[in-house]
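This briefing is meant to be read with the coordinates open, taking the topics in turn.

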2 protein chains.
Amino acid sequence: MRYKLSDIILFHRKRSGLTQLELAELAGVGKNLVYGLENDQESIRLENLLKILWVLNIELDFQSPLKEAFLKEQVNADR
Amino acid sequence: MRYKLSDIILFHRKRSGLTQLELAELAGVGKNLVYGLENDQESIRLENLLKILWVLNIELDFQSPLKEAFLKEQVNADR
DNA sequence: TCATTATCCCCTCTATAAAGGGAAAAATTA
DNA sequence: TAATTTTTCCCTTTATAGAGGGGATAATGA
């Protein structure tokens, strides 16, 4: 990730007008998890991170030198 | 994530010519974690996912309607 | 075909993520 | 400045991720 996850979360939460507690409840996680995420002090589980990103309308993507080749194979796999 | 994480990992590992065990050792995680990751049966910790992505030269990125605004603020924060 | 290598799928044990509570500190707002 | 809201940071308990071992099955290739 080019940018700090904590900064991304904080920015999007503030822009959404949510408190940590509200975000936590919407995502179905504990308030301390949101706090920890915004303060770089948790080794969070992916599924919980994804719940939070979903609430904030943030989508994860990946970049790699093999991405084009991967996408090509994905299309072929459909047939 | 638009695509299944398991597919992305598997594709990149194969292209790298690594076995599950080799990938696990390079990433400093257990072999069962790699197996579980490629078979959608683990709620992996973010730090361990990042270790594996790093070995495979995959970078995570995010997309959101607020991304441009976020990037602009990041630049301003430097000054 | 036989041997080698890789994957799959069990198991147990340990470390720790996460929930939930609470209360002080900090920030907002009236 | 006082009141309210939000954030920070403790705590304990519970659930589960992950390590490591082992063995059966599947795939690769000599």
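In this predicted model, the largest nonpolar core holds 34 residues, of which V34(A), I52(A), V34(B) and I52(B) touch the most other members. Chains A and B both take part in this core, with α1, α2, α3 and α4 of each chain supplying at least two residues.

**Core**
- Once its neighbours within four places in sequence are left aside, I52(A) is in contact with I9(A), L23(A), A27(A), V29(A), V34(A) and L37(A).

**Contact between chains A and B**
- On each side of the contact there are 26 residues, with 26 of chain A in contact with 26 of chain B.
- On the side of chain A that touches chain B, at least two residues each come from α1 (5–15), α4 (46–55), β1 (59–63) and α5 (67–77) of chain A, and β1(A) gives the most, with five residues.
- Sorted by class, this side of chain A has 13 nonpolar, six polar and seven charged residues.
- The strands β1(A) and β1(B), the latter spanning residues 59–63, run antiparallel and are joined by five bridges; within this arrangement, Q63(A) stands opposite E59(B) in β1(B).

**Surfaces near the DNA strands**
- Around DNA strand C there are 17 residues, and those that come nearest are V29(A), G30(A), L33(A), R45(A) and T19(B).
- For DNA strand C, at least two residues each are supplied by α3 (31–38) of chain A and by α2 (20–27) and α3 of chain B, with α3(B) giving the most, three residues.
- Around DNA strand D there are also 17 residues, of which T19(A), V29(B), G30(B), S43(B) and R45(B) come nearest.
- For DNA strand D, the elements giving two or more residues are α2 (20–27) and α3 of chain A together with α3 of chain B, and the largest share, three residues, comes from α3(A).
- By class, the surface near DNA strand C has five nonpolar, eight polar and four charged residues, and the surface near DNA strand D divides into five nonpolar, eight polar and four charged.

**Positive phi outside glycine**
- D40(B), which is not a glycine, has a positive phi of about 55 degrees and is found in the loop between α3 (31–38) and α4 (46–55) of chain B.
- D40(B) counts as exposed because it has 10 C-beta neighbours inside 10 Å, where the cut-off for exposed is 12 or fewer.
- N57(B), likewise a residue other than glycine, has a positive phi near 60 degrees, and its place is in the loop between α4 and β1 of chain B.
- N57(B) counts as exposed because it has 12 C-beta neighbours inside 10 Å.

Terms used:
Residues numbered from 1 in each chain as written. Chains lettered and ligands numbered in written order. Predicted model: local features only at pLDDT ≥ 70, side-chain atom pairs only at ≥ 80, totals over all residues. Contact = placed C-beta atoms within 7 Å. Helix = DSSP H or I, 4+ residues; strand = E, 2+ residues; numbered from the N terminus. Nonpolar A, V, L, I, M, F, W, Y, C, P; charged D, E, K, R; others polar. Pairing = 2+ DSSP bridges. Buried ≥ 20, exposed ≤ 12 C-beta atoms within 10 Å, placed from the backbone. Near = placed C-beta within 6 Å. Core = buried A, V, L, I, M, F, W, Y, C linked by C-beta atoms within 7 Å.
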